[in-house]
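Q: I am new to this structure and would like to learn how to read it step by step. Could we go through it feature by feature, with the general idea before each case?

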Amino acid sequence: MHDHDHDHAPITSDGEPPAAVRARALERLLVRRGVVSAEDVREGIDWLVSRTPADGARLVARAWIDPEFRLRLLADARAAALETGLDPGSAPVVVAVENTPEVHHMVVCTLCSCYPRALLGPPPAWYKSLAYRSRAVSDPRGVLAEFGLELPAHVELRVLDSTADVRYLVIPARPPGTEGMSEDELAALVTRDSMIGVAQPVAPAAASA
Amino acid sequence: MHDRGGWHDHSPIDRSEHELADWELLVDALVGSLDRRGVMNVDELRRGIESMPAEAYERASYYERWLSSVETILLEKGVLAPGELDAEVRTG
Amino acid sequence: MTYAPGDRVRVSARSHQGHHRTPGYLKGRTGRVERVRGSFTDPETSAYGGDGRPERRLYLVGFAQTELWPGYPGAATDRLLADVFEHWLEPA
């Protein structure tokens with residue numbers, strides 16, 4: 001069986017994959033026929049490139065600092081996001097799950113690539129890979145080891161397979177030694193991978209190194 | 001083919017970062033626009049991807065799968081006529 | 001049949017041709033309802049041009065990893081959670 005998958009189309013001799021040519025032709029055709037508008041497509045692209053993990057990181061940092069906000073984030077992630085000026089929309093539903101000393105969450109979409117894009121931006125290529133999708137459910141600790149994360153055996157590892165219209169945001173555990181840090185400083189420690197659950201947030205000593 | 005949970009796949013996870021190419025962002029945005037216009041929804045997108053022959057599915061990159069699915073669904077709905085996109089590629 | 005948190009449920013092992021969102025590795029498996037997610041449009045119909053109505057109830061269901069995978073290499077307390085539609089669940 002094919003033992004790798006790749007996230008990029010093969011490059012043709014003039015440097016552009018055939019899919020690029022085809023995609024642009026499709027857009028021209030659909031716009032010309034009025035099936036979609038060029039403006040709407042541009043706005044869609046703008047939205048895609050504007051979403052970054054910094055949005056999710058801000059939610060996490062605020063939850064670390066403000067226990068009441070943390071409860072609101074866990075109860076209704078969209079309402080909590082709206083408080084920070086961010087609207088992930090009503091569908092799909094975003095649910096925040098919290099890592100504790102006893103429980104660590106990890107998120108995957110085995111069926112395709114469902115991901116909380118409205119809060120984290122586009123998923124990394126590895127998240128969409130066949131290797132991650134197959135092993136994140138059956139050997140999650142092995143996958144974490146590939147990412148350099150070893151969880152103690154007493155920690156319950158909860159893998160969330162995003163099979164329906166619910167998207168998961170992991171609230172990683174606040175690193176020790178971060179007392180007194182501002183929300184911005186804390187947000188800088190929250191990596192995309194820690195909000196997927198394959199990594200811990202950066203420790204403050206590492207961040208300032 | 002798309003239902004991957006638990007498959008025996010021992011290839012290492014490639015963790016390199018890839019910026020999305022312009023055409024990939026375009027495909028993503030087209031799907032969003034088609035959805036907002038009520039022409040094609042995300043469940044149809046997924047169904048279209050799942051209907052790809054196994055070899056094509058494995059060979060295609062992520063957004064190539066999306067593009068293939070959009071073509072399949074739009075052809076099915078009569079939004080695209082057979083050969084119309086090929087013609088646009090040739091003449092465009 | 002509606003379910004509540006704590007209910008033991010089995011995921012149907014029936015075969016289903018066409019688009020559906022119940023992963024193969026969960027079919028026939030027994031787990032526990034963790035949350036009631038609410039009602040959502042049905043991807044099995046919206047993937048074929050329907051509007052996805054009537055909506056179907058969705059549940060977050062948790063499974064013991066050691067019961068999903070023979071020789072599971074992780075911890076005995078590890079769990080797998082997935083959102084499963086009511087019409088894919090049976091009382092266990």
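A: Let us start with domains, whose bounds come from an automatic or database domain assignment. Chain A is divided into domain 1 (18-49) and domain 2 (52-208), and the centres of these two domains of chain A, taken over C-alpha atoms, are separated by 32 Å. This is a predicted model, in which local features need pLDDT of at least 70 and side-chain atom pairs count only at pLDDT 80 or more, while totals for chains, interfaces and linings use all residues. Residues are numbered from 1 along each chain as its sequence is written, and chains are lettered from A and ligands numbered from 1 in the order in which they are written.

Q: How many helices and strands does chain A have, and what is the order of the elements in chain C?

A: Helices (H or I, at least four residues) and strands (E, at least two) are DSSP runs, numbered from the N terminus. The secondary structure of chain A comes to 11 helices and 4 strands, and its C-alpha atoms fill a box of roughly 55 × 45 × 35 Å along the principal axes. Chain C has 2 helices and 5 strands, which follow one another from the N terminus as β-β-α-β-α-β-β, and the C-alpha atoms of chain C fill a box of roughly 45 × 25 × 20 Å along the principal axes.

Q: Which strands form the open sheet, and in what order?

A: Strands of a sheet pair through backbone hydrogen bonds, either parallel or antiparallel. Two strands are taken to pair if DSSP finds at least two bridges between them. Here 7 strands form an open sheet with mixed pairing, in the order β2(A)-β3(A)-β4(C)-β3(C)-β2(C)-β1(C)-β5(C). The edge strands, each pairing on one side only, are β2 (103-108) of chain A and β5 (89-91) of chain C. Axes are lines fitted to C-alpha atoms, for helices over the stretch in contact, and angles run from 0 to 180 degrees between N-to-C directions; neighbouring strands of this sheet are turned by 35 degrees against each other on average, direction ignored.

Q: Which strands pair with β4(C), and in which sense, parallel or antiparallel?

A: Strand β3 (residues 56-64) of chain C pairs with strand β4 (residues 79-85) of chain C in the antiparallel sense over 7 bridges, with C:Tyr59 opposite C:Val84 and C:Phe63 opposite C:Leu80. β3(A) and β4(C) run parallel and are joined by 4 bridges, and A:Arg158 stands opposite C:Arg79.

Q: Are the residues of β4(C) buried or exposed?

A: In a regular strand the side chains alternate between the two faces of the sheet. A residue is buried if 20 or more other C-beta atoms lie within 10 Å of its own, exposed if 12 or fewer, and partly exposed in between, with C-beta atoms placed from the backbone. In β4(C), 7 of its 7 residues are buried: C:Arg79, C:Leu81, C:Asp83 and C:Phe85 lie on one side, and C:Leu80, C:Ala82 and C:Val84 on the other.

Q: Which residues have the most contacts inside the largest nonpolar core?

A: A nonpolar core is a set of buried Ala, Val, Leu, Ile, Met, Phe, Trp, Tyr and Cys residues joined through C-beta atoms within 7 Å. The largest one has 69 residues, and among those with the most contacts inside it are A:Val60, C:Val61 and C:Val84. Helix α3 (residues 53-65) of chain A gives the most to this core, with 6 residues.

Q: Why does A:Pro172 count as buried, and which residues is A:Pro172 in contact with?

A: A:Pro172 counts as buried because it has 23 C-beta neighbours inside 10 Å. Two residues are in contact if their C-beta atoms, placed from the backbone, lie within 7 Å. Leaving aside neighbours within four places in sequence, the contacts of A:Pro172 include A:Val60, A:Asn99 and A:Met195. A:Pro172 is found in the loop between β4 (166-171) and α9 (183-187) of chain A.

Q: How many residues does each chain bring to the contact between chain A and chain B?

A: The size of an interface is often given as the accessible area lost when the parts come together. Counted in residues, this contact takes 47 from chain A and 43 from chain B, and the largest share of the chain A side, 11 residues, comes from α1(A). Ala, Val, Leu, Ile, Met, Phe, Trp, Tyr, Cys and Pro count as nonpolar, Asp, Glu, Lys and Arg as charged, and the others, Gly among them, as polar; by these classes, the side of chain A that touches chain B has 25 nonpolar, 9 polar and 13 charged residues.
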